[in-house]
Every structure is written in C-alpha cells, then in structure tokens.
Amino acid sequence: MKVVIQRVSEANVKVAGSIIGEINVGLMILLGIENADTQEDIDWLVHKIKNLRIFNDAQGVMNQSLLDIQGEVLIISQFTLHAKTKKGHRPSYIHAAKPDVAIPLYEAFIQTFRQQLSTKVASGKFGAMMDVSLVNSGPVTIIIDTKNKI
C-alpha cells in the first residue's frame, strides 16, 4: 500500500457535485492498493499514520499526533499512486490492484481507522470520479509505502 498523507485544516470529496465526505482539522489520505497488500499492511499503516507526530504543539513544534489533537480523517482511493512512468509518456497501472482485490482492502482500511479513532472518519467512493478539495496546513505532505517499512 502507498499513501500520500496531507495535514489539513479542512477537506472534502464530491461525487457528481455533491459532498459525500468532509472533515475539519486532521489528515486527508490518498490510498493506493496493490495485489500483494493484506490486512497486515493495513494494521501497520493505520498504526503508523495515527501516531505520526506531525501536528504542532503549543510551541509550534510538530510533536503531536492525530490522536493527541483528536483530528479527523478523509480517506480517498487512489490507484494512480502505483503509476509506472519509466517507459514512454503514458503511465502504466499494472501494479494497482483490480477492484475485486482493492475494494475489500479499501473498506477494511476505512473500518480499521473507524475502530481505532473516536473522531470522524470520512471517505470517498471507490472507482468514482471524485473532486477532492483541501486546505493543506503547513503544507505538510508525507508519503509512506508499506513495501519500504525498514
């Protein structure tokens, strides 16, 4: 799994012009899933993300986690994170999981966050054309790939 995490002061996702998910202060997460991904990747990634100390403390130092600030989460499926661009000018998405594999893992990722946070966890709609809006606070943007844990 690959994620792009953005610290936000607000974010929302629309499908066909209607907001289907929105949050205030927290994290907007773009999630890319590969065929080899498992619940183990989900568990490791959720633990890592919710404990990342990327929110400012009273001294303005990034020393607080999502848990510390009671932040919210917006999760968006994003197969294009697995784009291969080495050859030519048209990206290949051969490593991105097909829906039969990706949808259950996407839903499990959302559910795992909901089980571990007492705050709002919103999401987009898998496979839909979505318009995502956010105010990146900082800006703070972090990329994590579960295939590079060490």
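Select Pro139, which is placed in strand 8 (130-145); helices (H or I, at least four residues) and strands (E, at least two) are DSSP runs, numbered from the N terminus. The peptide bond that joins Gly138 to Pro139 is cis, with omega near -5°.

The model is predicted, and local features therefore need pLDDT of at least 70, side-chain atom pairs count only at pLDDT 80 or more, and totals for chains, interfaces and linings use all residues. Residues are numbered from 1 along each chain as its sequence is written, and side-chain values use heavy atoms, with hydrogens and water left out.

**Two backbone exceptions**

Most residues other than glycine have a negative phi, and most peptide bonds are trans. Select Ala16 next, in the loop between strand 1 and strand 2 (18-23). Ala16 is not a glycine, yet its phi is positive, about 55°. Ala16 counts as exposed because its relative accessibility is 78%; exposed means over 50% relative accessible area, buried under 20%, and partly exposed in between (1.4 Å probe, protein chains only).

Then move to Gln70, in the loop between helix 2 and strand 6. Gln70 also has a positive phi, near 55°. With 46% relative accessibility, Gln70 counts as partly exposed.

**Lys14**

Lys14 belongs to strand 1 and, at 31% relative accessibility, counts as partly exposed. Display Lys125 as well: it is 111 residues from Lys14 in sequence, and the two C-alpha atoms are 9.1 Å apart. Neighbours within four places in sequence aside, Lys14 is in contact with Ile19, Ile20, Met129, Met130 and Asp131, where contact means heavy atoms within 4.5 Å.

**Helix 3**

Select helix 3 (99-116). Its 18 residues should span 26 Å at 1.5 Å a residue, and its end C-alpha atoms are 25 Å apart, which agrees; the expected span is 1.5 Å times one less than the number of residues. Colour the buried residues of helix 3: Ala102, Leu105, Tyr106, Ala108, Phe109, Ile110, Thr112 and Phe113. Among the elements that cover these buried residues are strand 3, helix 1 (39-51), helix 2 (66-69), strand 6 and strand 7 (121-123).

**The nonpolar cores**

A nonpolar core is a set of buried Ala, Val, Leu, Ile, Met, Phe, Trp, Tyr and Cys residues joined through side-chain atoms within 4.5 Å. The largest has 29 residues, of which Ile29, Ile49, Phe109 and Phe113 touch the most other members. Two or more residues of this core come from each of strand 1 (2-15), strand 3, helix 1, strand 6, helix 3 and strand 8. Helix 3 gives the largest share, seven residues. Centre the view on Ile29: beyond its neighbours within four places in sequence, Ile29 is in contact with Val3, Val4, Ile5, Ile49, Val73, Leu74, Ile75, Ile76, Phe109 and Phe113. Another core, of 12 residues, lies apart from the largest one and includes Ala11, Met28, Leu74 and Ala122.

**The largest pocket**

End at the largest pocket, which holds about 390 Å³ of space. On a 1 Å grid over the protein atoms alone, a pocket is an open set of points where a 1.4 Å probe fits, with protein on both sides within 12 Å along at least five of seven lines; lining residues have an atom within 4 Å of a point. Of its 21 lining residues, Ser77, Gln78, Phe79, Thr80 and Gly127 are the closest to the centre. Strand 3 (26-32), strand 6 (72-77), helix 3 and strand 8 each supply at least two lining residues, and helix 3 gives the most, three.

Notes
Points joined across faces, edges and corners; volume = space filled by probe spheres on them.
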